Amino acid sequence: MAPCILHVDMDAFFASVESLRNPRLTGKPVAVGSGVVASASYEARKYGIRAGTPLRKARELCPALTIVTGHAPIYRCFSERIFSICEEYSPAIETFLDEAYCDWRGTERLYPDPVAIAAEIRGRVRDEVGLTISAGIGRNRMFAKMASKSIKPDGLRRILPEEEEDFLRDLPVSRLPGVGPKTEELFRKLNIRTVSEMRLLSRESLQAMLGIPGALLHERCRGEDTQPVSEREVPRSIRRETSFHSDTIDREAIEGTLYYLTERAANTMRRQGLEARHIGVKIRYTDSVEESATRKLPQSTQLDSELFELARGILRAIHARRVALRLVGVVLTGFRRDLGVRQALLFETPDGAGAGAGMAGRVVSSVRRERRLLDSLDSIRGRYGYSSVVCGKSLHLLGTVEQDDHGFVLRTSSLTK
Ligand code: DCP
Ligand code: CA
């Protein structure tokens with residue numbers, strides 16, 4: 001099963017929504033922002049107006065420019081509608097402000113032609129929401145994102161594995177995700193302009209130049225990408241859901257699946273160095289009735305146990321009818337970068353008493369212990385496949401649900417990544 005990632009990105013997002021709300025703006029130069037431009041219509045970009053351009057400068061560049069103050073809650077409604085269309089085709093999806101990554105690995109039988117599905121999603125977004133999006137398909141997140149960026153606006157492009165090298169070789173370094181203006185300038189001083197020139201630098205020298213992002217760039221200029229595309233990207237949500245092999249009312253099976261999905265979502269979250277504040281659960285009954293609810297954790301966490309405890313509470317509260325379930329799903333939201341525990345771990349001494357252990361005592365050290373356990377689980381799973389360790393409530397799935405290297409073979413197969 002070759003990985004297949006779809007990246008969708010809304011075109012001139014804020015500006016396009018404003019044109020939709022006020023059709024007199026359609027086709028005109030429009031900028032949304034206060035102080036500086038946050039989003040510029042493609043017509044405004046012809047005048048050199050970009051995100052970050054001070055509004056005063058933008059007015060000079062284009063006296064006919066219409067400037068609109070932003071309406072964040074309205075933009076959120078639009079992106080949610082677009083994401084929910086994407087979700088119909090892709091059970092594993094990570095969303096950001098106006099972009100989403102859909103992991104299609106394992107959906108080959110369902111969708112043999114990814115380009116046709118991406119075209120269908122684009123068509124539905126245009127017809128049902130009224131906005132244009134650009135879509136890119138690739139073997140990993142980086143290629144998917146570069147594909148969509150390269151075909152903007154209102155485009156669709158797939159980069160096949162055999163086309164990757166031609167795509168990358170002569171690409172200016174600035175087009176590689178993770179290379180901003182400052183990094184580009186550094187490379188220019190070294191006379192490095194293209195991706196293949198960047199490959200001449202060893203991992204060590206890239207790391208010495210740029211720190212951790214240097215190691216990422218060492219991968220990316222070779223077409224590999226094991227990390228989130230850019231530091232700026234903190235997902236809005238990470239969701240994992242699946243239908244059951246057959247509709248079920250068996251509590252062990254349902255909670256076992258919920259545990260497994262929670263673990264998978266949390267594993268993805270930890271790989272991105274994040275912790276979540278909210279967790280939501282969704283169920284769908286045999287008769288297609290859906291229920292969902294979200295709850296807030298007392299504090300952000302990365303721990304499977306804390307997330308699952310709350311998720312199970314939500315499940316028990318919303319699964320009120322004695323009717324079999326067809327689907328269960330979990331969603332993590334309210335992310336922030338994981339600083340606390342990581343810092344505590346850094347200062348830890350071998351006997352387990354770290355900086356601050358005296359103050360917060362037992363709680364901190366048990367959080368640390370679980371976090372350390374999860375770190376080793378994550379790394380074993382990274383190396384030997386997800387199924388190398390089965391824990392917690394997922395044990396209930398053993399023997400009833402088939403497993404492969406990627407994990408339990410769920411009915412919605414793209415989840416088994
Ligand atoms: N945004 C912002 N400030 C920035 C950059 C972006 O507030 N410096 C907001 C406004 C954008 C939205 O985020 O509409 C998405 O950012 P993009 O970089 O994707 O820009 P657009 O969607 O506007 O344009 P594009 O068609 O290039 O994706
Ligand atoms: Ca965009």
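Predicted model: local features only at pLDDT ≥ 70, side-chain atom pairs only at ≥ 80, totals over all residues.
User: Why does Arg45 count as a polar contact of ligand 1?

Analyst: A polar side-chain atom of Arg45 lies 2.8 Å from an oxygen atom of the ligand. The cut-off is 3.5 Å, so the pair qualifies. Met10 uses a backbone N or O atom instead, 3.2 Å from an oxygen atom of ligand 1. The protein covers 73% of the 550 Å² of accessible area that ligand 1 has on its own.

User: Which elements supply at least two residues each to the shell around ligand 1?

Analyst: Strand 1 (5-10), helix 1 (13-21), strand 3 (36-40) and helix 2 (42-45) do. The ligand is surrounded by 14 residues, with Ala12, Phe13, Ser39, Tyr42 and Arg45 the closest. By class, eight are nonpolar, one is polar and five are charged.

User: How do you know that strand 2 and strand 4 pair?

Analyst: Pairing takes at least two bridges. Strand 2 (residues 30-34) and strand 4 share three, in the parallel sense, so they pair. Val32 stands opposite Val68 in strand 4.

User: Why are strand 3 and strand 4 at the edges of the sheet?

Analyst: The open sheet has three strands in the order 3-2-4, with mixed pairing. Strand 3 and strand 4 (66-68) each have a single partner strand, so one side of each lacks a neighbour in the sheet. On average, neighbouring strands are turned by 40 degrees against each other, direction ignored.

Technical notes: Residues numbered from 1 in each chain as written. Chains lettered and ligands numbered in written order. Heavy atoms only, no water. Near = heavy atom within 4 Å. Polar contact = N/O pair within 3.5 Å; in protein donor to acceptor, adjacent residues only side chain to side chain. Areas by Shrake-Rupley, 256 points an atom, 1.4 Å probe, with all protein chains shown as cover. Helix = DSSP H or I, 4+ residues; strand = E, 2+ residues; numbered from the N terminus. Nonpolar A, V, L, I, M, F, W, Y, C, P; charged D, E, K, R; others polar. Axes fitted to C-alpha atoms, helices over the stretch in contact; angles between N-to-C directions.
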